Structure formats: structure tokens, C-alpha cells
Amino acid sequence: MKDIAVLVTCHNRKEKTLECLERLFQAREFSSNNGQDSTLTIYLTDDGSSDGTAKAVASRFPQSKIIKGSGNLFWANGMISSWEAALKNRHGFYLLLNDDTQVYEDVLEHLAKAHEYCLRTYGKPGIYIGATENKEDHQLTYSGAVVTNYILASIRVVRPDGHNFQRCDFGNANIMLVPAEVVDRIGILSKGYTHGKADYDYTMKAKKADIPSLICPVVLGHCAFDHDHSYVGWEKMTYAERKKSLFSPKGVDFRSQLKFNKKFFPLRYPLVWLSGYFKIMFPKFYLKRFEVVEHKK
């Protein structure tokens, strides 16, 4: 893995963004000391930050390519912006990285092993995902999942077992490595998503093309889980507030949910559409029936 384009998007998280990139370059140094040298080129879409993130990144990492966003891109469109910029310069690999993720020092070595394993086992490149955990209690936060029932959209979370590469149907892109050959076949993230689901879409799109998505055997970084249940507190909101939260990119992001279900779980799509409006009309019944509780801090 000699040539890696690092894809990041950010909005007013200067310290987190800098720490994320610092950790990645420490990992590059660690791998270099172990005989694996990689060139990292950062493509950062700064989506309207007012805290000086872009200037700080450009100063600390002069090899960075800074793309300015409108402030309304959110994660999915911000990552598309970074990826499109990277495609103008052919790279061997594309590393999708959340700016609130701190990778462990051996992350590049494990991703390289994933690539070697995939070529050896499947005879072709795939998508390689690093799971993350909470820094404090080491609980799994982001990984991948296998679909167990397409009608109910039931899933089983794939947890690193310490030994084996495991396939998944869809995965989180907090740490996700994509070889150029995969991009040549299926392109980049699909447009039409706002904040979430674009990474799920990408790995499901890969599955349709018979491209394996693999979870690495060990956790490769820490990242706090920041997707608390979007329906908590709805019974105290007005109808207008609930509807706003339903469609907000930082709330339920309902449009992205509908797009994802329509594309990959079409039999379930009508139920998802109806349930969204049911929740905003009858929040007390929904919260009581499905026992939605406050996330414990």
C-alpha cells in the first residue's frame, strides 16, 4: 500500500480533526519502521468551518488538499467532495476516515494484511473495514453487519474475534480502505444521501457486484458512539418539532433512510415510510410500545 488518498470531511472540530490526522501519521511512521512505507495524501473537505480547521490542517500537513464546502454538505456529501477531488490524481487506495476517529498505530499494517488476505482468498480486491471502540470501556462502537432477514431488515453485528477476517454485508466508514480497482468497478459513494447511510449503501453496492467487504480481526481505533436514539424526548416536542427532527440530517435523517430501504430492502420500504409519520403523530404510543429509553451517559 504505497499510495493512499486519505478522505476526510469536517465542520468546526479543529482539535479532533488534527488529532485524527496526527494519529494516522504516527501509524504511518510505525508501519515505516516495520518495513511498510506508505505515502499519505489528505483530501479534506472543510464544510464551512469557522474555527480555522482548514488553515490548521494545511499548516500542520502541507501535503493536504483542502476543498471548501458550503456548510450544508454534512458527512455523505462532504466525503463525496473529498473523493471526487482525490480521483483527479490516481491513487492506489482510498482511506475513508471520520475526523473523530483516532486510529491505533498498527492500523495500516492490519489494512495491508486485509488486502493480502482478500487477494489470496477471493482472487480480487475488496473493501476493508476497521472496527472502533469506546476509549474508556472498550465497548464496540462501529463495525459492520450481516443481513439475516431482508424482509424485516434484521441484522447481526460483526464483532472482531481477534483471529479471523469476517465478511459483512454493510459496514461503517469510520475506518474503511478501498482499493482503486474497486472504485473502477463500482465508483464512489452514491449521491442522494445527506449525513448517514452512504457507507452502508457503498458496501451493499459492493456485495451486489460480488466484491467482498471484510472486517479486520482486531479493533483498529477508538471513536465514541454519537448516534443516540433520535426519538428520545419526542413526546415533549410539538408536531412541527418532531417533523423537523425526522427530516434533519443530524436527527433521524429520514430521507436517507428511505433511499437506502427503497434501494436495498424494497419490500420493507412502504413500512418504513408509514412508520416515520406514525412516530411523529403518535410519539407517546411509539416510545411506550418499543420501550425507547434515554441513553445513559
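Guide: A salt bridge here is a side-chain nitrogen of Lys or Arg within 4 Å of a carboxyl oxygen of Asp or Glu. Keep in mind that this is a predicted model. Side chains of opposite charge can pair when their charged atoms come close. A search of the whole structure finds eleven such salt bridges.

Arg13, Asp99 and Asp100 are linked in a network of salt bridges. Take Arg13 and Asp99. Their closest N and O atoms are 2.5 Å apart. Arg13 sits in the loop between strand E1 (3-10) and H1. Asp99 sits in the loop between strand E4 (93-97) and strand E5 (102-103). The two are 86 residues apart in sequence, so the pair ties together separate parts of the chain.

Now the other link. Arg13 also forms a salt bridge with Asp100. Here the closest N and O atoms are 3.8 Å apart. This pair, too, links distant parts of the chain, 87 residues apart. Asp100 is in the loop between E4 and E5, and Arg13 in the loop between E1 and H1.

Are these residues buried or exposed? Arg13 has 28% relative accessibility, so Arg13 counts as partly exposed. Asp99 is at 3% and therefore counts as buried. Asp100, at 9%, counts as buried as well.

Look next at H1, at one end of the Arg13 loop. Helix H1 covers residues 14-33, and its axis comes within 7 Å of the axis of helix H4 (residues 107-122). The two axes cross at roughly 70°. That angle makes H1 roughly perpendicular to H4. On the H1 side, the contact is made by Leu24, Ala27, Arg28, Phe30 and Ser31. On the H4 side, Val107, Leu108 and Glu109 make it.

Asp201 pairs with Lys263, with the closest N and O atoms 3.0 Å apart. Asp201 is in helix H6 and Lys263 in helix H8 (residues 254-264), so this bridge, with partners 62 residues apart, links distant parts of the chain. Asp201 has a relative accessible area of 0%, and is therefore buried. Lys263 has 35%, which means partly exposed.

Helix H6 holds a contrasting case. Asp199 also lies in H6, which spans residues 198-208. Asp199 is buried, yet has no salt bridge. Which side chain of opposite charge is nearest to Asp199? That is Lys197, and it is 7.5 Å away. The cut-off for a salt bridge is 4 Å, so Lys197 is out of range.

What is Asp199 in contact with, leaving aside its neighbours within four places in sequence? The list is Trp75, Gly171, Asn172, Ala173, Met176 and Leu189.

Strand E12 covers 170-171. Three strands form this open sheet, in the order E10-E9-E12, with antiparallel pairing. The edge strands are E10 (154-158) and E12, each pairing on one side only. Five bridges join strand E9 (residues 144-149) to E10. Among the residues of that pairing, Asn149 has Ser154 in E10 as its bridge partner.

Conventions: Residues are numbered from 1 along each chain as its sequence is written. This is a predicted model: local features need pLDDT of at least 70, side-chain atom pairs count only at pLDDT 80 or more; totals for chains, interfaces and linings use all residues. Side-chain values use heavy atoms; hydrogens and water are left out. Two strands pair if DSSP finds at least two bridges between them. Helices (H or I, at least four residues) and strands (E, at least two) are DSSP runs, numbered from the N terminus. Buried means under 20% relative accessible area, exposed over 50%, partly exposed in between (1.4 Å probe, protein chains only). Lys and Arg count as positive and Asp and Glu as negative; His and the chain ends are not counted. Contact means heavy atoms within 4.5 Å. Axes are lines fitted to C-alpha atoms, for helices over the stretch in contact, and angles run from 0 to 180 degrees between N-to-C directions. Angles under 35 degrees count as roughly parallel, over 145 as roughly antiparallel, 65 to 115 as roughly perpendicular and the rest as oblique.
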